[in-house]
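Welcome! Please take a first look at the structure below, and then we can walk through some of its parts together.

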Amino acid sequence: MPRVRHGVIWSRISGRPGKMGDLVLTGQETSFTYTREWLASGQPGFCLLGDGSIWGESSVTYPVSERIPVFPRLLSLIPGNNPRNLQRRHYLDLLRRQTGREPPPGMETEWQLMLLGGHGGIGHIDVFADDLTAQQWYRHQPPKAPPRSQSRNAQSELWRMIKHEVLDEATDFDPQIIEEALGPTPSVGGMIPKLLVSIDPDTKTPRFHPPDTPGERNVVLKIEPPEYTGLLDLEALCLQVHRDAGFTTPRWWRIDHGDLRLLAVERFDRRDGRPLPMESLFSVIATGDHHFRETADILLEELGGVIDRLGQIARLPADANEHLYRRFLMALLTGNGDLHLENLSLLGGLDDCRWAPVYDPAPMRAWPRHDLVSAIPFDASEYTDHGEFFIALGEHFGLSSQQTERCIEAALDATADYATRVMALKKVPKRQREQLQAIAQHERELLQQHLRE
Ligand SMILES: Nc1ncnc2c1ncn2[C@@H]1O[C@H](COP(=O)(O)OP(=O)(O)OP(=O)(O)O)[C@@H](O)[C@H]1O
Ligand SMILES: [Mg+2]
């Protein structure tokens, strides 16, 4: 009989910490039960389709699997299992010190990692082992900036830690000092190493503070690994291209520090110091469809229907489908084959649900191993090529042919000088720039050719 594990979810969405409910995980199933107080408050639940207004006093349940061992919404609170994930390394070190043994791979360790790093992260929910741990943690929130004398030492340790972990430099560092300065930084998803911190991005060498430190900006700090040289310059360019095209984007800062390249992106899951609900499309789909386990389990042409169905439960903007179609066109024309379901998120609860600003628009097709038209599969077998498919896709998003045409014209306009702008990024390796230029030109030609037909 597998061990039953317990946890609790709290949230500061009202401005004050409050308990949302109790979490249980058994071998096959996870369940969540709201507290009566939370239900009475009418505040958003832990995820859109698990909202208290739908489930009431009944427990929300989900059949877990190796691929999704917790509620899909909680996945982003477990540090990603890739060798450069800073949080995973840090928490595994903590677990090693706490237990005096090597954490065994599997569910038990994943659960422990979620309890260690699953608070203060992206969105409005905080997971803890129990209520006492939650109360203790909130007592130190928001954090105060560390005293200057101690923090100078800790700051240089932090830079050394990043160099050690991301650039593979053989510098020694003391994890204890980092923990004192930042605490365990919250988990955050994605492939590129990153930290959730607060900084003043306008200073030459920013000092790191824990998230939500008063007077500092909350950012997702992405750190460029050597295997993706040039990535953050390209990502910053694509943020700019989306902003110029009229999409909402967060503010960002490209920062160089010695050999380190950083991109600080302002967090949009906070407003006036309060966390906002944020959930990836992956989580929404997986919560609603228990057979769905990964991005490849759905087709691009099915997403319009998903948004329509979600629109029957949540209040969505009238142009929710059109927005999504425009995002896919921009991805196609900028060489971003990596617009997967974790890179699209919704902000807000059931009553005020809307698309999150653009994040992670990096044109991953610049790297041959990521040169895929779309991470979400599609079936173009009935079309002469995928250009024709992307035009037909408008209809699957419920758009008329005039609307589709307007979206395509706008995306073509917005990316007219994209290849030139890519080529001007001298710090990006020539191979990546040339590959991206060729891809961008090819995709343009395909769309233009079918648009004329
Ligand atoms: N500005 C932001 N505000 C709030 N949340 C953000 C922001 N930027 C990113 N996120 C969250 O952090 C996660 C990881 O960020 P991001 O997608 O940029 O990383 P990545 O490592 O490039 O991802 P991938 O694995 O898709 O390449 C996102 O999925 C999103 O949930
Ligand atoms: Mg991402």
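**Domains**

Please keep in mind that this is a predicted model. The domain assignment divides the chain into three parts: domain 1 (5–139), domain 2 (148–271) and domain 3 (274–452). Between domain 1 and domain 2, the C-alpha centres are 24 Å apart. Where these two touch, 23 residues of domain 1 are in contact with 18 residues of domain 2. On the domain 1 side, α3 (86–99) and α4 (107–117) each supply at least two residues. The largest share of that side, seven residues, comes from α3. By type, the residues on the side of domain 1 that touches domain 2 are eight nonpolar, twelve polar and three charged.

Helix α4 also has a buried part, made up of Trp111, Gln112, Leu113, Met114, Leu115, Leu116 and Gly117. These buried residues pack against β1 (5–11), β2 (18–25), α3 and β5 (125–128).

Next comes helix α13, which covers residues 401–414. Which residues of α13 are buried? They are Thr404, Cys407, Ile408, Ala411 and Ala414. Because they cover an arc of only 130° around the axis, they sit on the same side of α13. The face turned away from the buried side of α13 carries the exposed residues Ser401, Gln402 and Asp413. As for neighbours, the buried residues of α13 pack against α8 (231–244), α11 (320–334), α12 (386–396) and α15 (430–452).

**Strands and their partners**

Strand β6 (residues 194–199) has six of its six residues buried, so this strand is largely enclosed by the rest of the structure. Both of its faces are covered: Lys194, Leu196 and Ser198 are buried on one side, and Leu195, Val197 and Ile199 on the other. In a regular strand, side chains alternate between the two faces of the sheet.

Elsewhere, three strands form an open sheet with the order β12-β13-β14 and antiparallel pairing. β12 (278–280) and β14 (354–355) stand at the edges with a single partner strand each, so one side of each has no neighbour in the sheet.

| Strand pair | Sense | Bridges | Example partners |
|---|---|---|---|
| β6 and β7 (residues 217–223) | antiparallel | six bridges | Leu196 and Val220 |
| β12 and β13 (residues 345–347) | antiparallel | three bridges | Ser280 and Ser345 |

**A residue in a loop**

Finally, have a look at Asp51, which lies in the loop between α1 (36–41) and α2 (52–55). Is Asp51 buried or exposed? It is buried, because 21 other C-beta atoms lie within 10 Å, and 20 or more count as buried. Leaving aside its neighbours within four places in sequence, Asp51 is in contact with Pro44, Gly45, Gly349 and Leu350. Asp51 and Leu339, in turn, are 288 residues apart in sequence and 27 Å apart in space, C-alpha to C-alpha.

Note on methods: Residues numbered from 1 in each chain as written. Chains lettered and ligands numbered in written order. Predicted model: local features only at pLDDT ≥ 70, side-chain atom pairs only at ≥ 80, totals over all residues. Helix = DSSP H or I, 4+ residues; strand = E, 2+ residues; numbered from the N terminus. Expected span 1.5 Å × (residues − 1). Buried ≥ 20, exposed ≤ 12 C-beta atoms within 10 Å, placed from the backbone. Arc of directions from axis to C-beta. Contact = placed C-beta atoms within 7 Å. Domains from an automatic or database assignment. Nonpolar A, V, L, I, M, F, W, Y, C, P; charged D, E, K, R; others polar. Pairing = 2+ DSSP bridges.
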